[in-house]
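Thanks for coming. Please have a look at the model first, and then I will talk through some of its parts.

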Amino acid sequence: MTDTTIPDALPGPTIKWIYHLSRLIFGGWWLYSGVMPFINPAWQPLGQEQPAIDFSLAMIASGLMLWVKVAEIVFGILILANRMMPLAAIAVVPINFVILYWNFVLDEGTVEYTFGALTIFFNAILLWPWRRYYWRLLTWKGKPDFSLQPGIQD
Amino acid sequence: MRWFYHAVRLFTAAWFLGAGLNYFIYPDNQRLGLVPASHDFTVALIDSGLFAWVKGIEVVLGITLLANRYMPLTALALVPINFVVIYYNWVLEPHRGTYIAGGLTLFCTAYLVWSWRAYFWPLLAYKGAAQHDFKPHFTQLRFEGASE
């Protein structure tokens, strides 16, 4: 009988290299996207379809796009440096949610769908190796700490 | 301080649940903003459809806050939403009432996150230890200084 159970890992450092390659691509993508609008404001893609254009312009006009770009730079650097990864990998999730929405709903097209799928793929690859740090967030009935002490307490 | 935590939790729950449900039940009641900056931003969010998602998430978080369940994840999820809420109140439509609303939002979010900080400290690991395999590694993360 053939063993069909899922292996604990792939042979050799395969998963590790998939992670590092994804990290470098995603981190570089974010750093580039974050820096370019400061160098050339006209670089920022507004989209091909009117809903995407209107949304992008509203984000820029409100000034919120500036904060998004700063976050892209900060987290792009952290991801490239492979530092503070538990925080970086989860902090990019809200921004990626909006990016996904933009690519799948507001500005539909093959390129957009591809970028949206890659966003999901890379974020998942970055989150998975740090999962031990996240399981506690799913605590159903935890124990809050009512004290003013900063340390970890049971 | 226990009662204060529950008071803040219930206040935030009522606020989120009310704001979230109000959009779906009375969409014409949705506050659009009194100045062009806030008005244009809100209208753009509504037209894009993203506002409905935000309101849906507010309802979900309002329920988890009310029930005091999944609180570590709830407190963390409050941060990005309330960042935009505070930005809206302090930058897009600044006046005395919105300064107070933004200040309350900041306080409630910060206090709830502080109350569950034990669950968040591991996220601040500088170098950490990644697990490059398929095992879930559900075992508790242990770190120096943790009390038994």
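How far apart should the ends of helix α4 of chain A be, given its 22 residues? Before the answer, please keep in mind that this is a predicted model. Helix α4 of chain A covers residues 85–106, and at 1.5 Å a residue it should span 32 Å. Its end C-alpha atoms are 30 Å apart, which agrees.

The helix does have a bend in it. A kink of about 40° in α4(A) is centred on P94(A).

Next, which residues of α4(A) are buried? They are M85(A), P86(A), L87(A), A88(A), A89(A), V92(A), W102(A), N103(A) and L106(A). The cover over these residues includes three helices of chain A, namely α2 (50–62), α3 (64–81) and α5 (110–127). It also includes a helix from the other chain, α2 (36–48) of chain B.

Now chain A as a whole. Chain A has 5 helices and 0 strands, and along the sequence it reads α-α-α-α-α. Of its 154 residues, 26% count as buried. If we take the contacts in chain A between residues at least 6 apart in sequence, 69% of them join residues at least 24 apart.

On to where the two chains meet. Chain B puts 47 residues into the contact and chain A puts in 46. On the side of chain B that touches chain A, the elements giving two or more residues are α1 (2–25), α2 and α4 (71–92) of chain B. Which of them gives the most? That is α4(B), with 8 residues. By type, this side of chain B has 30 nonpolar, 9 polar and 8 charged residues.

Last, the cores. The largest nonpolar core has 35 residues. Those with the most contacts inside it are F75(A), I79(A), A88(A), A89(A), W130(A), A75(B) and W116(B).

What does W116(B) touch, leaving aside its neighbours within four places in sequence? In chain A it is in contact with G142(A) and P144(A), and in chain B with M71(B), P72(B) and A75(B).

Methods. Residues numbered from 1 in each chain as written. Chains lettered and ligands numbered in written order. Predicted model: local features only at pLDDT ≥ 70, side-chain atom pairs only at ≥ 80, totals over all residues. Helix = DSSP H or I, 4+ residues; strand = E, 2+ residues; numbered from the N terminus. Expected span 1.5 Å × (residues − 1). Bend = angle between axes of the 7 residues up to and from the residue. Buried ≥ 20, exposed ≤ 12 C-beta atoms within 10 Å, placed from the backbone. Contact = placed C-beta atoms within 7 Å. Nonpolar A, V, L, I, M, F, W, Y, C, P; charged D, E, K, R; others polar. Core = buried A, V, L, I, M, F, W, Y, C linked by C-beta atoms within 7 Å.
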